[in-house]
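Please look over the sequence and structure before reading on.

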Amino acid sequence: GIYLNGMFADRTPDLTTDLAALEDQARAALAPEALGYVVPSAGSGATARANREAFDRWRIVPRVLRSGARRDLSCEVLGTSMPAPLLIAPMGVQTLAHPDGELATVRAAAALGVPYVHSTQAAHSFEQIAEAGGDAPRWYQLYWPTDREVCLSFLERAKATGFSTLVLTLDTPMLGWRPADLNRGFLPFLRNVGIANYLTDPAFLAKLDKPVAEDPGAAALHWAKMFPNPGLSWADLPFLREHWDGPILLKGISAAEDARLAADHGMDGVVVSNHGGRQVDGAIGALDALPAVADAVGDRIAVLFDSGVRTGADTVKALALGARAVLLGRPVLYGLALAGQEGVDHVLRCLLAELDLTLALSGYVSHRGLSRESLACAQRSA
Ligand code: FNR
């Protein structure tokens, strides 16, 4: 079908269908500061490399003659229906990639029914995302502000605007060591970009001495007092449980013991992730962390995965190693940078089609048939 041009009859012709290569195309489209913020990883880049190396060590073992004419990738994760086990990872400041920012991304996601995860650090507010996303499924990613009134206000606004599920990101108690940004002294938030949820929040605005228009710099500095929140501990989670009725996932989990603690604390899921290598330099590849987490809690809570997913085969590997769904990060921003909503649509449709094709070629009618038996571990290269 794909080759007969059905699905891609109207695809964006200048964008490559090789999502791993899309980064090279996007580099040319991004302004230097945006490029420095979006593409690189923390420190020496070792974690981002480890993410890719982990995928390369696993190989799919294709099966044949298994009646694969009809395939079904649809699924439900924690009450959210989706066309395939794929969500868009929460990513802030998307106006760095394209003037339409998150609005373009959420529109593309909504058109395909792919769940969108709204970042606390987005360049558009809860209300704007909800309006652009319509009835499509959406989750909210919380960076827990140091101020509890602001935290509660965010949760209330998320509820009021139709976000069903909460993702609490824990690998960013403060920003990682990111040389590309440090060398430029660039942090978008200090220019009031990527703090739209704050700048539209009554609880936050009430704390400022002057209106934002009169003293924009003070608003950014006040944000900076709320964002790094290294004081959080497991003892804080009951507060969140008390104030959020829907499912809660903890994102940024690498250790099986943390996944066990998440389940013990009544969380509904974890996202195995190292933030695409943007936080701890020299960390374990996310896919290397996945099997132990799935073994520890996979039968109790939902295990999701991100960091380094670029292809249908990557997705198959993560699902086979125990993820219920994967989140796609940077490639979405590359599509956004290159062609706005159309570019995000292109990226999502490529990944959905490549996932379907990879399953078909590997002998599976559904991702539900995947297991560790579907893979072989290749020798570590010398
Ligand atoms: C992110 N990520 C992220 N995560 C999060 O929980 N809240 C956020 O606001 C952001 N912001 C953000 C901005 C940018 C520019 C990037 C590239 C990433 C991390 C994101 O959710 C995800 O974990 C990684 O992007 C996944 O890795 P890949 O797919 O980019 O390799």
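Which element gives the largest share of the lining of the largest pocket? Strand β8 does, with three residues. The model is a predicted one.

**Largest pocket**

- The largest pocket holds about 360 Å³ of space.
- Its lining is made up of 21 residues, and those nearest the centre of the pocket are Leu168, Thr169, Leu170, Leu232 and Ser233.
- At least two lining residues come from each of β7 (165–169) and β8 (248–253).
- By class, 13 residues of this lining are nonpolar, six are polar and two are charged.

**Second largest pocket**

- About 300 Å³ of space lies in the second largest pocket.
- Of the 18 residues that line the second largest pocket, Glu23, Val39, Ser41, Ala48 and Arg310 lie nearest its centre.
- Helices α1 (19–29), α3 (46–57) and α15 each contribute at least two residues to this lining.
- The classes in this lining are six nonpolar, six polar and six charged residues.

**Largest cavity**

- The volume of the largest cavity is about 470 Å³.
- A set of 34 residues lines the largest cavity, with Pro90, Met91, Gly92, His275 and Arg278 nearest its centre.
- Two or more of the lining residues come from each of α2 (32–38), β11 (325–328) and α15 (330–362).
- Sorted by class, the lining of the largest cavity has 17 nonpolar, eleven polar and six charged residues.

**Second largest cavity**

- The second largest cavity has a volume of about 30 Å³.
- Val106, Ala109, Ala110, Val114, Tyr116, Gly133, Ala136, Pro137 and Arg138 line the second largest cavity.
- Helix α4 (residues 101–112) gives the largest share of this lining, three residues.
- This lining contains seven nonpolar residues, one polar residue and one charged residue.

**Ligand: location and shell**

- Which space does the ligand take? The ligand takes the space of the largest cavity.
- There are 22 residues around the ligand, and the ones that come nearest are Pro90, Ser119, Thr169, Arg310 and Arg330.
- Helices α2 and α15 each supply at least two residues of the shell around the ligand.
- The shell divides by class into seven nonpolar, ten polar and five charged residues.

**Ligand: polar contacts and cover**

- A polar backbone atom of Gly92 is 3.1 Å from a nitrogen atom of the ligand.
- Tyr143 has a polar side-chain atom 3.0 Å from a nitrogen atom of the ligand.
- The side chain of Arg330 places an N or O atom 2.9 Å from an oxygen atom of the ligand.
- On its own the ligand has 600 Å² of accessible area, of which the protein covers 98%.

Technical notes
Residues are numbered from 1 along each chain as its sequence is written. This is a predicted model: local features need pLDDT of at least 70, side-chain atom pairs count only at pLDDT 80 or more; totals for chains, interfaces and linings use all residues. Side-chain values use heavy atoms; hydrogens and water are left out. On a 1 Å grid over the protein atoms alone, a cavity is a set of points where a 1.4 Å probe fits but cannot get out, and a pocket is an open set with protein on both sides within 12 Å along at least five of seven lines; lining residues have an atom within 4 Å of a point. Grid points are joined across faces, edges and corners, and a volume is the space filled by probe spheres set on the points. Helices (H or I, at least four residues) and strands (E, at least two) are DSSP runs, numbered from the N terminus. Ala, Val, Leu, Ile, Met, Phe, Trp, Tyr, Cys and Pro count as nonpolar, Asp, Glu, Lys and Arg as charged, and the others, Gly among them, as polar. A residue is near a molecule or strand if one of its heavy atoms lies within 4 Å of it. A polar contact is a pair of N or O atoms within 3.5 Å; within protein, one must be able to donate a hydrogen and the other to accept it, and residues adjacent in sequence count only if both atoms are side-chain atoms. Accessible areas come from the Shrake-Rupley method with a 1.4 Å probe; for residues, only the protein chains shown count as cover. A molecule sits in a cavity or pocket if more than half of its atoms lie within 2 Å of its grid points.
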